[in-house]
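User: I would like to learn how to read the main features of this fold. Can you take me through them one at a time?

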Amino acid sequence: MAIVHFVNYKRGTQSRAAMRGVMLYVMQEKKTAWDGGPLVSGINCQPQSVYDDFLNTKLLYHKDGGVMFYHMVQSFPKGAAVDPRQAHEAARRLAKYFDGCEVLVCTHVDREHIHSHCVINSVNFETGKKLHMAKEQLQELMRRNDAICQEMGLPVFDAPTQQARGMSGAEYHTALKGQSWKLRLMNTIDACMKYAADKDAFVSLMESEGYAVRWESSRKYITYTTPDGMRCRDSKLHEEKYCKEVMEREFRIRAELIKRKFHRAAETDGGIEADESAEQRAAVCAAAAAAPAHCDPVRSAAGDEQADGAGRRNKLGAGGNSEDPAGVETAHRPDAGAEVSDRDAEIADRDEQAAETGWEPE
């Protein structure tokens with residue numbers, strides 16, 4: 001049967017920005033593309049507007065805080081002959097366990113094992129109640145997962161293999177020749193850095209791909225553990241940009257750049273929501289800057305403003321062709337020229353700082 005686990009997000013680290021960043025990450029076309037189309041579905045929501053769908057439900061019931069979402073991963077054995085469409089259907093069926101919740105389902109086919117990500121809204125759109133995953137709910141979910149896999153005839157894990165921490169003989173020889181596991185690790189770090197605005201978001205995204213990350217202030221190095229149990233320090237990844245001090249500097253740069261952008265926005269258009277922290281706002285724009293507008297199905301979530309039922313202004317745009325990473329329209333505003341000039345200056349600053357860290361925006 002497939003293995004199911006929930007990605008751990010530290011208490012207090014979830015935000016609108018974190019939710020949006022995870023959605024952007026799991027919906028990547030290069031990871032979900034199969035047979036002419038993406039393996040992306042929405043349960044009780046539309047992938048094209050999934051961020052808005054989640055957020056509108058939260059605002060409707062005034063529960064825009066605390067645990068914003070759950071991130072579940074369903075994985076099949078490495079190398080097993082699993083049809084990606086079947087794997088996607090298995091994840092869709094499992095997602096229906098969360099009755100009345102909106103769920104984004106994305107199946108990734110770019111790894112040696114097929115696996116599906118399910119991002120679940122923590123607020124039930126039918127009842128307004130918050131989802132809580134206690135031990136009993138987790139056990140029921142595992143039983144349902146096993147039943148779905150048996151019903152669909154999907155492969156099962158070999159227990160000894162599942163528990164093994166080392167590499168098989170074939171994997172060992174492959175690693176000796178080209179250190180392919182290390183290259184996969186570097187590629188995964190690169191992908192997660194595109195959508196992570198801070199360290200906690202980065203660690204959680206790496207965990208969603210099966211990598212453990214030990215990143216502590218008291219330790220000189222970041223240590224990664226691959227899904228096969230191989231360990232590697234940041235200093236062994238061949239490029240300086242992977243070193244702990246460089247990555248920490250990169251996250252400081254991202255936060256500072258976005259802090260400046262929103263300080264400017266507050267001066268020009270009256271500001272944004274008072275209850276959204278600078279870190280949350282920074283993460284929204286970092287995620288937006290990571291993906292081109294034409295392929296960002298949740299970009300509109302940071303776009304035009306509209307009021308909710310309580311009269312509060314929210315970034316909940318309906319469209320989004322703006323090239324502004326914050327999604328703010330400038331073309332028809334008197335100060336548009338000044339903003340373009342500021343944006344050019346900001347790009348110049350970012351290029352200079354990218355040269356310093358090696359982490360360039362995509």
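Analyst: Gladly. Keep in mind that this is a predicted model.

User: Which residues have the most contacts inside the largest nonpolar core?

Analyst: The largest nonpolar core holds 46 residues. Those with the most contacts inside it are Leu-104, Ile-189, Phe-202, Met-206, Tyr-224 and Met-247. Several elements each supply at least two residues: α1 (16-26), α3 (50-60), β5 (69-75), β6 (103-108), α8 (180-195), α9 (199-208) and α10 (244-269). The largest share, 8 residues, comes from α8. A second, separate core has 29 residues, including Met-72, Leu-94, Phe-98 and Cys-149.

User: Take Tyr-224. What is it in contact with, leaving aside neighbours within four places in sequence?

Analyst: Among the contacts of Tyr-224 are Leu-185, Ile-189, Phe-202, Met-206 and Met-247. Arg-231, Cys-232 and Asp-234 also touch Tyr-224.

User: How do I read burial along a helix? Why is α1 described as largely enclosed?

Analyst: Count residues under 20% relative accessible area. In α1, 11 of the 11 residues are buried, so the helix is largely enclosed by the rest of the structure.

User: Now the sheets. What holds strands together in general?

Analyst: Strands of a sheet pair through backbone hydrogen bonds, either parallel or antiparallel. β1 and β5 run antiparallel and are joined by 4 bridges. Across that pair, Ile-3 stands opposite Ser-75.

User: What is the strand order of the open sheet of 3 strands?

Analyst: The order is β8-β9-β10, again with antiparallel pairing. β8 (212-214) and β10 (231-233) are the edges. β8 pairs with β9 (residues 223-225) over 3 bridges. Arg-214 has Thr-223 in β9 as its bridge partner. α8 packs on this sheet and touches β9 and β10. The direction of α8 makes about 60° with that of β10.

User: How should I read a helix pair? At what angle do α4 and α5 cross?

Analyst: First, the general idea. An α-helix has 3.6 residues a turn, so residues three or four places apart point the same way. Now the case. The axes of α4 (residues 84-95) and α5 (residues 135-152) come within 10 Å and cross at roughly 145°. The crossing is right-handed. From α4, Gln-86, Glu-89, Ala-90, Arg-93 and Leu-94 take part. They meet Leu-141, Arg-144, Asn-145, Ile-148, Glu-151 and Met-152 in α5. By type, the residues of this contact divide into 5 nonpolar, 2 polar and 4 charged.

User: Last, backbone angles. Where does Asp-35 lie, and is it buried or exposed?

Analyst: Asp-35 sits in the loop between β2 (33-34) and β3 (37-38). Its phi is near 55°, a positive value in a residue other than glycine. Asp-35 counts as exposed because its relative accessibility is 62%, and the cut-off for exposed is over 50%.

User: What is the phi of Asn-44?

Analyst: Asn-44 has a positive phi of about 65°, although it is not a glycine. Asn-44 lies in the loop between β4 (40-43) and α3. At 43% relative accessibility, Asn-44 counts as partly exposed.

Key:
Residues are numbered from 1 along each chain as its sequence is written. This is a predicted model: local features need pLDDT of at least 70, side-chain atom pairs count only at pLDDT 80 or more; totals for chains, interfaces and linings use all residues. Side-chain values use heavy atoms; hydrogens and water are left out. A nonpolar core is a set of buried Ala, Val, Leu, Ile, Met, Phe, Trp, Tyr and Cys residues joined through side-chain atoms within 4.5 Å. Buried means under 20% relative accessible area, exposed over 50%, partly exposed in between (1.4 Å probe, protein chains only). Contact means heavy atoms within 4.5 Å. Two strands pair if DSSP finds at least two bridges between them. Axes are lines fitted to C-alpha atoms, for helices over the stretch in contact, and angles run from 0 to 180 degrees between N-to-C directions. A crossing is left-handed if the near helix is turned anticlockwise from the far one by less than a right angle, and right-handed if clockwise. Ala, Val, Leu, Ile, Met, Phe, Trp, Tyr, Cys and Pro count as nonpolar, Asp, Glu, Lys and Arg as charged, and the others, Gly among them, as polar.
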